[in-house]
Amino acid sequence: MKSKALIELLSDGKVHSGESLAATLGVSRTAIWKQIRRAMNEGAEIATIRGRGYQLVSRVDLLDRAAILGGIAAESRQELSLTVLDEVDSTNAEVVRQIAAGTSGIPVVIADCQTAGRGRRGRVWQSPRGENLYLSMGLTFHGGFGVLDGLSLALGVAVANALERLGVPDIGLKWPNDVFLPDGKLGGILVELQGELEEGVVQVIAGIGLNVHMSRVEGVDQPWSSLARARPDVDWSRNQVGSAIIDAVLDVVSLFSDVGFADFREPWQRRDIFMGRPLQARGGEVEGVGCGIDDAGNYQIRTPSGVVPVRAGEISLRAVS
Ligand code: BTN
């Protein structure tokens, strides 16, 4: 947000005169007026109170690097290289750039908005400014690509753990990478593999998009939900949600590096929204009932001729209504 400093000043909800805002920010009153217009174009609701000044009427939930770091467990904090951006093409792409530039520590990027947010299967991830969480982490694993089986599902468990700790009820996981609430999709995870850095050392970019405040969006073709919808009684902070997710991902990655997917099968399956539901895959070639995942994280459909495993990326899984 170009007018972030102004919004920060207004975020106490009080009326501020143009003169005092100009003095604090060291700019002219005309510049303040221009910033007010820009902030309003970017979605902020600011009332002009005649003869008194400006008052922010809409909610603001600004990203704050120090607040995000402060919410992360102390022992993890020093391992991270956290960048908080006003705007970026894609936080996943930014992590790739940071790795190429030789960033030390685990690169983590959070942005207020994305201009080219990526979803799975080449889809666009709508990323409106100020509304949601767009977060990516660069994770390193040893043992070659073979050790990554089930990683994206384990990351789903991490996100569910974080949200449950924050008091969100009824979190479900939809194979392979979606986070669900009963009324629709809450978030998604995009795992992108980088090449092998050196023999057996693989780098993975884990991108997490989570609807926090979003109340309307264009171009989304399925039911969606948000944290604000699930718990309207909570004053949601993207900083707090970001810290909780980073912490949970680091916990999961540490366990996953030690034991692989084995320990995540049960916690994933417990939240499986397809369990026991009639499903079809491969364009209707496979029909049956969802019966969870196997040890490698493939989805299983119980058909009259036996259990058929379905691999991620191969097909899409659809509930039969
Ligand atoms: C999905 O299709 O469900 C996965 C969506 C993943 C979106 C996130 S937002 C942060 C990161 N940056 C991106 O460009 N995509 C991921």
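1. In which helix is the place of Ser-243? Ser-243 belongs to helix 9, which spans residues 238-259, where helices (H or I, at least four residues) and strands (E, at least two) are DSSP runs numbered from the N terminus. The model under discussion is predicted, so that local features need pLDDT of at least 70 and side-chain atom pairs count only at pLDDT 80 or more, while totals for chains, interfaces and linings use all residues. Residues are numbered from 1 along each chain as its sequence is written, and side-chain values use heavy atoms, with hydrogens and water left out.

2. Ser-243 counts as buried because its relative accessibility is 2%, the cut-offs being under 20% relative accessible area for buried, over 50% for exposed and in between for partly exposed (1.4 Å probe, protein chains only). Leaving aside neighbours within four places in sequence, Ser-243 is in contact (heavy atoms within 4.5 Å) with Ala-67, Ile-68, Gly-71 and Ile-72.

3. Strand 4 (residues 106-111) is largely enclosed by the rest of the structure, because 6 of its 6 residues are buried. In a regular strand the side chains alternate between the two faces of the sheet. Here both faces are covered, with Ile-106, Val-108 and Ile-110 buried on one side and Pro-107, Val-109 and Ala-111 buried on the other. Strand 3 (residues 80-85) runs parallel to strand 4 and is joined to it by 6 bridges, where pairing requires that DSSP find at least two bridges between two strands. Within this pairing, Ala-111 of strand 4 is the bridge partner of Leu-85.

4. Some backbone details deserve a check by eye. A cis peptide bond, with omega about 0 degrees, joins Trp-175 and Pro-176, and Pro-176 is found in the loop between strand 6 (172-174) and strand 7 (178-181). Arg-121, in the loop between strand 4 and strand 5 (133-142), has a positive phi near 55 degrees although the residue is not glycine, and at 45% relative accessibility Arg-121 counts as partly exposed. Arg-282 likewise has a positive phi, near 50 degrees; Arg-282 is found in the loop between strand 10 (278-281) and strand 11 (286-293) and is partly exposed, with a relative accessible area of 26%.

5. The domain assignment, whose bounds come from an automatic or database source, gives domain 1 (3-56), domain 2 (65-269) and domain 3 (274-319). Taken over C-alpha atoms, the centres of domain 1 and domain 2 are separated by 33 Å.

6. The second largest pocket has a volume of about 640 Å³. A pocket is an open set of points on a 1 Å grid over the protein atoms alone, where a 1.4 Å probe fits, with protein on both sides within 12 Å along at least five of seven lines, and lining residues have an atom within 4 Å of a point; grid points are joined across faces, edges and corners, and the volume is the space filled by probe spheres set on the points. Its lining has 28 residues, of which Glu-42, Gly-43, Arg-59, Arg-129 and Glu-131 lie nearest the centre, and draws at least three residues from each of domain 1 and domain 2. By class, this lining has 8 nonpolar, 9 polar and 11 charged residues, with Ala, Val, Leu, Ile, Met, Phe, Trp, Tyr, Cys and Pro counted as nonpolar, Asp, Glu, Lys and Arg as charged, and the others, Gly among them, as polar.
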